[in-house]
Amino acid sequence: MFLLRIKLGPRTYVGDEQGAHKFLPRMHAGWDPTMTDQQVYDAARGWWRLNQRAEQERYAVVVAGGQCRLAIRITKWQQEGDRRAFAGDILGPGDLVHDKFVGKPDPANSTSRFPVLYLADPVDEATCRCGCGATVSRGEWLQGHDQRAIHDRIRADFGGSVSKFIDWYDANGPFASEN
Ligand SMILES: [Zn+2]
């Protein structure tokens, strides 16, 4: 999983067109330092040119004025034409995503001018199961380390012989009795 990093430009008035919108009623897009969290949340919700992939993501962090201002748990998406907006909950202190990002610099190491980027989601980070100590952002293994874990066991218990391991597995593995 990833999280969305949303960068807001300068605040603009959009109330005439969007003030009465059913899914996202708001008076302003963009950001200025006088805005409340709720206003920043509404400014960050849409309407972004995003494809279907965005709808898998569960978190967004909002960057404005060079700093991460808000973290959001996404609960809903809506599409209009080629644009999407979301709804969700503003996260507070104690939440992993809030504590990792809010008040810190823009987490995206990117010069892209597109305001919405996908970042690897720290919520899913885990330590590689092989015991190497590396952090993995998807699944349980660093690439290739599942193979390494298997071969470590073959080395320890079968003298490094894949043939001995295969013979043992065929005789004792979960399907051995069916033969
Ligand atoms: Zn590993």
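Helices here are DSSP runs of H or I with at least four residues, strands are E runs of at least two, and both are numbered from the N terminus. Now the structure. This is a predicted model, where local features need pLDDT of at least 70, side-chain atom pairs count only at pLDDT 80 or more, and totals for chains, interfaces and linings use all residues. Residues are numbered from 1 along each chain as its sequence is written, and side-chain values use heavy atoms, with hydrogens and water left out.

Start with the annotated span. An unreviewed UniProt entry marks residues 128-151 as "domain: C2H2-type". Its positions are given in the numbering used here, the feature name is shortened, and such annotations may be inferred rather than shown by experiment. The span is 29% helix and 8% strand. Its end C-alpha atoms lie 16 Å apart.

Next, the metal. Which protein atoms are the donors of the zinc ion? They are Cys128 (SG), Cys130 (SG), Cys132 (SG) and His145 (ND1), at 1.9 to 2.4 Å from the ion. A donor is an N, O or S atom within 2.8 Å of the metal, or 3.2 Å for Na, K and Ca. Water is not among the atoms, so sites may look incomplete. Along the chain, the donor spacing reads C-x1-C-x1-C-x12-H. Cys132 sits in the loop between strand E8 (126-127) and strand E9 (135-136), and His145 is in helix H4 (residues 145-158), so the pair ties together parts 13 residues apart in sequence.

Now the geometry. The angles among the four donor atoms are 102 to 116 degrees, and the site is tetrahedral. For four donors, that label requires all angles between 85 and 135 degrees. The ideal angle for four tetrahedral donors is 109.5 degrees.

Cys132 is partly exposed, at 34%. The cut-offs: buried is under 20% relative accessible area, exposed is over 50%, and partly exposed is in between, with a 1.4 Å probe and protein chains only.

Stay on helix H4. Ile150 is in this helix and is partly exposed, at 41%. From Ile150 to Gly81 is 69 residues in sequence and 49 Å in space, C-alpha to C-alpha. Arg155 is also placed in H4. Arg155 is exposed, with 54% relative accessible area. Its C-alpha atom is 9.5 Å from that of Phe165, 10 residues apart along the chain.

On to the largest pocket. Its volume is about 200 Å³. A pocket is an open set of points on a 1 Å grid over the protein atoms alone, where a 1.4 Å probe fits, with protein on both sides within 12 Å along at least five of seven lines. Lining residues have an atom within 4 Å of a point. Volume is the space filled by probe spheres set on the points, which are joined across faces, edges and corners.

Two of those names come back. Gly46 and Trp47 are joined by a cis peptide bond, with omega about -15 degrees. Trp47 is in the loop between helix H2 (37-45) and strand E4 (59-64).

Finally, E4 itself. Val61 is in this strand and is buried, at 0%. Val61 and Lys7 are 54 residues apart along the chain, with 8.5 Å between their C-alpha atoms.

Terms used
Four donors count as tetrahedral if all angles lie between 85 and 135 degrees; four count as square planar and six as octahedral if opposite donors are over 155 degrees apart and all others between 65 and 115; anything else is irregular.
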